[in-house]
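Subject: Structure for you to look at

Hello,

Here is the structure I said I would pass on. Please open it first and then read the notes below.

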Amino acid sequence: SSDAGVTWRDVSLGGEVDFHGLAFAHDRVYGWDSGSGRFMVSADRRIWDTRSALPLASFAVDPDDPEHIVGAGPDGLVASRDGGRTWNPTQGPALAVLSWDHTVGLAGATPAGDVHRSSDRGATWTAAGRLPGPPQALLATATTWYAAVDAHGATGIYRSVNTGGTWSLYYRDRP
């Protein structure tokens, strides 16, 4: 999109994949196709390298290492140290959504809305706060965190200005 998301045009893979996860980091696009389970990476947004196939709810790319990726799988967290070619179980809470910011570190939320963060690249996790419902997406930045949440029968965007400690409604769809 070149008009703030009003209109869109296909760049590649139009109608071929259903990306339920996309991340841009290290001049690469990382994507997870929910239809096939393929984890894919592209350096030019046109040609894609299928690295592996696995079930994921979310993933986040280490801002300091293009080969380090943490994913939220159905059996818990998984991590890749080779750009998504292989994955291994890793310790941490059972998260549904993930976000990784250079300043904040790795952040995530459980299906119930419990928010956690890791300042050591996923080695240890601490509880940060609680969302008002099940998360659908999470974005953690140095100053503000945003979460799309299914709460009270409608999807809302909630915002935290204290690294996930407390959340306030920022925007809500009309029910």
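**What was found**

Apart from neighbours within four places in sequence, Thr86 is in contact with Ala79, Ser80 and Arg81, where contact means heavy atoms within 4.5 Å. Thr86 sits in the loop between strand 7 (76-80) and strand 8 (88-89). With a relative accessible area of 44%, Thr86 is partly exposed; buried means under 20%, exposed over 50%, and partly exposed in between (1.4 Å probe, protein chains only). From Thr86 to Val70 is 16 residues in sequence and 11 Å in space, C-alpha to C-alpha.

Before going on, note that this is a predicted model, in which local features need pLDDT of at least 70 and side-chain atom pairs count only at pLDDT 80 or more, while totals for chains, interfaces and linings use all residues. Residues are numbered from 1 along each chain as its sequence is written, and side-chain values use heavy atoms, with hydrogens and water left out.

The chain as a whole: there are 16 strands and zero helices. Helices (H or I, at least four residues) and strands (E, at least two) are DSSP runs, numbered from the N terminus. The C-alpha trace spans about 40 × 40 × 25 Å along its principal axes. The radius of gyration is 16 Å, which agrees with the value near 16 Å for a compact globule of 175 residues; it is taken over C-alpha atoms, and the globule rule is 2.2 Å times the number of residues to the power 0.38. Of the 175 residues, 44% count as buried. Among contacts with a separation of 6 or more, 31% come from residues 24 or more positions apart.

Next, the aromatic rings. How many aromatic pairs are there? The count comes to six, where rings of Phe, Tyr and Trp (its six-membered ring) pair if their centres lie within 6.5 Å; planes under 30 degrees apart count as stacked, over 60 as edge-to-face and the rest as tilted. The rings of Phe39 and Phe59 have centres 5.1 Å apart and planes at 80°, so this pair is edge-to-face. Phe39 lies in strand 3 (residues 38-42) and Phe59 in strand 5 (residues 58-61), so the pair ties together parts that are 20 residues apart in sequence. Phe39 and Phe59 are both buried. Ring pairs also link Tyr30, Phe39, Phe59 and Trp87 into a cluster.

Regards
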